[in-house]
Amino acid sequence: MSHYDMVELNKLYNCTSSIAFLLGCSFVNETACELTRCSRSQASWESVTFTPGGPHSGHTNLGISGASFSGNTTDNVTASFSGNYNENGTDFFMHFSTATGGEGDRAKLETRRMTPRRNCTVQCLQFYYYHSGNESDQLNIWMREFDDDNDPEGTRRLMGQITGPPADYWQLLHVPLNATKMFQVEFEGQKGEGNSSGGISVDDINLSETECPHETWQIRNVEQLIASGTLLFSPRYYSRDGYGYQSVVYFSPMYIFTSIRLVSGENDDQLEWPCPWRQITTLMLDQNPDIQQRMSWQWSFTTDPTSYYRRGPMCEPPPGDRSTYHTYHNYCQLFHNVPFCDRPPHGLGTNVESLRDMPLMVTCSSSL
Ligand SMILES: [Ca+2]
């Protein structure tokens with residue numbers, strides 16, 4: 001589904017608001033977002049467009065070359081997204097520097113208070129972060145729930161944490177939330193021990209009342225992968241029941257091929273084999289900073305023993321040395337061949353081009 005599909009659907013059903021979208025922020029300018037900064041030390045979150053230790057630019061405009069995006073939020077839909085593509089090329093993000101200060105210094109970045117509108121009490125926070133600090137630096141994701149408007153402190157719970165080795169690119173993180181009443185999210189940077197020449201940065205925050213994907217595989221430099229024809233294997237993931245599985249994507253100038261397959265895992269001896277009638281849903285989408293404008297393509301696969309697409313024994317235990325993860329040919333393949341992007345549907349040419357320019361991610365939600 002593309003942004004244009006959604007616009008047409010909204011017109012068709014006369015939709016004027018989003019039922020799931022709560023918050024979006026790309027820091028297009030210094031005052032674009034309803035976020036509050038708070039610190040009891042020298043450390044602080046700063047709104048910047050560049051940091052010497054990285055990143056050298058925000059994530060919002062990354063990969064956008066030319067007029068691929070309109071820069072508007074969804075037509076006819078009221079949402080609290082602050083805007084995304086800035087035609088001036090200015091792209092702010094929030095940076096917590098750990099290059100100065102002392103161990104334990106911390107600062108918070110708080111969202112406004114929000115109230116769940118859906119009965120499912122499930123929310124998904126997603127954002128991009130850039131970690132250029134010391135591996136002991138931390139970004140803690142807190143959720144604070146309030147009894148009512150007069151509740152000043154609420155109850156705080158740690159929902160996610162980023163720490164460990166730095167990386168020289170923007171990474172995507174999904175954080176499942178389960179607020180049942182008024183809540184807010186806090187991004188807390190904390191300086192660890194050791195030297196740092198950078199810090200932790202945050203950009204393109206989105207919060208929606210939807211379930212987070214079980215796994216997300218972020219793929220960068222897609223344009224190069226398409227040009228060179230590249231076969232990529234995701235890390236091994238585990239379903240909730242313990243089945244090991246893997247996503248495989250082949251990029252070519254003509255199409256993108258995706259498949260999902262079971263791979264040997266640590267739990268194979270304890271699992272039920274074969275495992276018919278299990279389902280996995282894969283969603284491929286670009287990384288537009290506004291989740292409401294992402295172009296997506298989704299398919300589900302059910303382990304149907306009578307399936308025409310079956311190749312080899314369906315869901316038999318992966319043979320061979322099960323401790324050898326990289327023995328890729330030891331799998332029970334769930335086969336699906338998809339001519340994704342080879343023939344753009346009418347009217348979607350612009351978006352398909354933008355898909356080529358943007359990094360991709362593949363998310364998986366499985367009931368294996
Ligand atoms: Ca930004």
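Entry 1, the loop. I located Gly-242 in the loop between strand S14 (237-238) and S15. Strands here are DSSP runs of E with at least two residues, helices are runs of H or I with at least four, and both are numbered from the N terminus. I am working on a predicted model, where local features need pLDDT of at least 70, side-chain atom pairs count only at pLDDT 80 or more, and totals for chains, interfaces and linings use all residues. Residues are numbered from 1 along each chain as its sequence is written.

Is Gly-242 buried, exposed or partly exposed? Gly-242 counts as partly exposed because it has 13 C-beta neighbours inside 10 Å. The cut-offs are 20 or more other C-beta atoms within 10 Å for buried, 12 or fewer for exposed, and partly exposed in between, with C-beta atoms placed from the backbone.

I then listed the contacts of Gly-242, leaving aside neighbours within four places in sequence: Gly-265, Asn-267 and Leu-271. A contact requires C-beta atoms, placed from the backbone, within 7 Å. I also noted Gln-270, which is 28 residues from Gly-242 in sequence and 8.9 Å away, C-alpha to C-alpha.

S15 and S16 form a hairpin with four residues between them. Strand S15 (residues 244-251) pairs with strand S16 (residues 256-263) in the antiparallel sense over seven bridges; pairing means that DSSP finds at least two bridges between two strands. I found Phe-257 in S16 as the bridge partner of Tyr-250.

I read the strand order of an open, antiparallel sheet of five strands as S2-S5-S10-S7-S8. Its edge strands, S2 (36-39) and S8 (155-162), each pair on one side only. Inside this order, S7 (residues 138-145) and S10 (residues 183-190) pair over eight bridges, and Ile-141 has Phe-187 in S10 as its bridge partner.

Which residues touch the most other members of the largest nonpolar core? They are Phe-27, Tyr-129 and Val-202, in a core of 35 residues. Such a core is a set of buried Ala, Val, Leu, Ile, Met, Phe, Trp, Tyr and Cys residues joined through C-beta atoms within 7 Å. S6 gives the most to this core, with five residues. Apart from it I found another core, of seven residues, including Tyr-243 and Ile-260.

I counted three helices and 20 strands. Buried residues make up 37% of the 368 residues.

Technical notes
Two residues are in contact if their C-beta atoms, placed from the backbone, lie within 7 Å.
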